[in-house]
Amino acid sequence: MLTIEGVRKVYPGERRGWSRGAPVQALNDVSLAITRGESFGLVGESGSGKSTLARCILQLEPVSAGRIVFEGEDLARLSPAAMRRARSRIQMVFQDPQASLNPRMSVHDIVTEPLVIHREVMGLGARQRTERALELLALVGLGEQHLFRKPHEFSGGQRQRIGIARALATSPSMLLLDEPTSALDVSVQAQVLNLLHELQQRLSLTFLFISHDLAVIRYMCDRVALIHHGRLVEQGDCQQVLDAPQSDYARQLLAAVPSLEGIGAAHPGFGAAGPGGL
Ligand SMILES: Nc1ncnc2c1ncn2[C@@H]1O[C@H](COP(=O)(O)OP(=O)(O)OP(=O)(O)O)[C@@H](O)[C@H]1O
Ligand SMILES: [Mg+2]
């Protein structure tokens, strides 16, 4: 489904005063393979390169070395038309729906925007786009009455549902979710995670799920990779890696993640069965 081979990303040091002078090695020889229909977690400290990897997958930034192969195609080598098609197949859900939804646009326009951007691929007229918007709202637990409201008229959880609906508009096969519930209250977090879990099963989606919260990763993911200073230090079956990390780096990294301790206290709604238990 998605194969990442030896990817490096170096940011030139001069820019915007980030560690002035010295270049930043944001990704260093990252390789992983995500199979169709699985939920793959990516865990690491702040600044470890998680979002950079997501941006490189989406081709928002060129990689410095290595290859990203999605559905059999090397993304860096696609023709513009093939790239547009691939872009409609991988969509992103961002951390902060407040910041990622345009406050001046109606839900209708937000959710149908990807259909307009990808109209060549999607081939939907205005009326069909509105029908699709209603379908998408139903999919994320919102209704017709929400169609012409603006983002500020919604709660944080509802706003993230709108962000998810937008991400699903083009019927992608893969979602990159960058801390999709970190900005939400714990109780709302569980509802949105349940929704994502349900959508993943129902639509046979493949997830790359970025989080620093191990309870969330445990609930959402089949496999997980740990990233440290731009390098993958360990990857494998979720439970195995989180319960019995093999490398020293991984042990340090897991120890540094605060929610590893006292998961129950930090997430009163997360029993052993995960947020589904709520
Ligand atoms: N546009 C940029 N120019 C220069 N350096 C950058 C740029 N974007 C990110 N970096 C650097 O690359 C490294 C990885 O950043 P990235 O945003 O991928 O981290 P992250 O794991 O997503 O962190 P967080 O958990 O805080 O979101 C950091 O050292 C960061 O300072
Ligand atoms: Mg990030």
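Which element gives the largest share of the shell around ligand 1? That's α1, with four residues. Keep in mind that this is a predicted model.

## Around the ligand

The shell around ligand 1 has 14 residues, and Ser 46, Gly 47, Lys 50, Ser 51 and Thr 52 come nearest. Some side chains also make polar contacts. For Lys 50, a side-chain N or O atom sits 2.7 Å from an oxygen atom of ligand 1. Ser 51 has a polar side-chain atom 2.8 Å from a ligand oxygen, while a side-chain N or O atom of Arg 55 is 3.4 Å from a ligand nitrogen.

On its own, ligand 1 has 640 Å² of accessible area, and the protein covers 77% of that. Two elements give two or more residues to the shell: β2 (24–34) and α1 (50–57).

## Packing inside

The largest nonpolar core counts 48 residues, with Ile 164, Phe 209, Met 220 and Leu 226 making the most contacts inside it. Leaving aside residues up to four places away in sequence, Phe 209 touches a list of partners including Phe 40, Leu 177, Pro 180, Ile 217, Met 220 and Cys 221.

There's also a second, separate core of 31 residues, and Ile 68, Phe 70, Met 92 and Leu 208 are among them.

## Cysteines

Is Cys 221 buried or exposed? Cys 221 counts as buried because its relative accessibility is 8%. Cys 56 is buried too, at 0%.

Notes
Residues numbered from 1 in each chain as written. Chains lettered and ligands numbered in written order. Predicted model: local features only at pLDDT ≥ 70, side-chain atom pairs only at ≥ 80, totals over all residues. Heavy atoms only, no water. Core = buried A, V, L, I, M, F, W, Y, C linked by side-chain atoms within 4.5 Å. Buried < 20%, exposed > 50% of the residue type's maximum accessible area, 1.4 Å probe, protein only. Contact = heavy atoms within 4.5 Å. Near = heavy atom within 4 Å. Polar contact = N/O pair within 3.5 Å; in protein donor to acceptor, adjacent residues only side chain to side chain. Areas by Shrake-Rupley, 256 points an atom, 1.4 Å probe, with all protein chains shown as cover.
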